Amino acid sequence: GSAYPSLAGQTKEYLYRQIKAFREGARKDPMMSPAAVVLSDQDMQELAEFYASQTLTRSSFQTDPAIVSEGRKIAEQLQCVACHQPGFKGLNEFPRLSRQKYTYLVKQLKDYRGGQRNNDNGVMAATAKNLTDEQIRALAQYLTSL
């Protein structure tokens, strides 16, 4: 479903850290938390490597060029590429955001803003705290379109 992320081509380090956060309860999700609890470190490493090696496909979400343009401006103002890298390809613990699923991106940004997701030392909470729902949707459309 669209509420779940696209994991193909995600950075290995980020995937490993997120699975570990689910396993240890630092990040919570009704599907992922129980699934991660039973995983060994080796399992987590192998899952991260498997998904990182998959080929990323383009999202089928229909973006609006005007909203995408607005999202690009917001991303530039917030200097998102400082962590997420040019093209939003991600690096190490910073996830790839390009072509990520729109609904998932909106949910994560709202969760960071609202404090429901906080397993990144507060970096994204600080980034998202002043974003409006409209700005979050524009940012998500921009990232999905890349």
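I began with threonine 11, which I found in the segment before helix H1, the helix that runs over 12–24. I note at the outset that the model is a predicted one.

Is threonine 11 buried or exposed? I looked up its relative accessible area, which is 12%, and because buried means under 20%, threonine 11 counts as buried. I then listed what threonine 11 touches, leaving aside residues up to four places away in sequence, and the list reads Ala52, Lys89, Gly90, Leu91, Asn92, Phe94 and Arg96.

Next I turned to the fold. I counted eight helices and zero strands in the secondary structure of the chain, and reading along the sequence gave me the pattern α-α-α-α-α-α-α-α.

For overall dimensions I looked up the radius of gyration, which is 15 Å for the chain; a compact globule with 146 residues would have a value near 15 Å, so the two agree. The C-alpha trace, laid along its principal axes, spans about 45 × 30 × 30 Å.

On charge, I recorded 19 positive and 15 negative side chains in the chain, with the centres of the two sets lying 4 Å apart.

My last entry concerns the cysteines. How many disulfides does the structure hold? I found zero. Cysteine 80 is in no disulfide, and the nearest cysteine sulfur to it, that of cysteine 83, is 8.7 Å away. Cysteine 83 is likewise in no disulfide, its nearest cysteine sulfur being that of cysteine 80. The reasoning here rests on the cut-off, because a disulfide requires a pair of cysteine sulfur atoms within 2.5 Å, whereas the sulfur of cysteine 83 lies 8.7 Å from that of cysteine 80.

I also compared how each of these two residues is covered: cysteine 80 is buried, with a relative accessible area of 14%, whereas cysteine 83, at 27% relative accessibility, counts as partly exposed.

Conventions: Residues numbered from 1 in each chain as written. Predicted model: local features only at pLDDT ≥ 70, side-chain atom pairs only at ≥ 80, totals over all residues. Heavy atoms only, no water. Helix = DSSP H or I, 4+ residues; strand = E, 2+ residues; numbered from the N terminus. Rg over C-alpha atoms; globule rule 2.2 N^0.38 Å. Lys, Arg positive; Asp, Glu negative; His and termini not counted. Charge placed at Lys NZ, Arg CZ, Asp CG, Glu CD. Buried < 20%, exposed > 50% of the residue type's maximum accessible area, 1.4 Å probe, protein only. Contact = heavy atoms within 4.5 Å.
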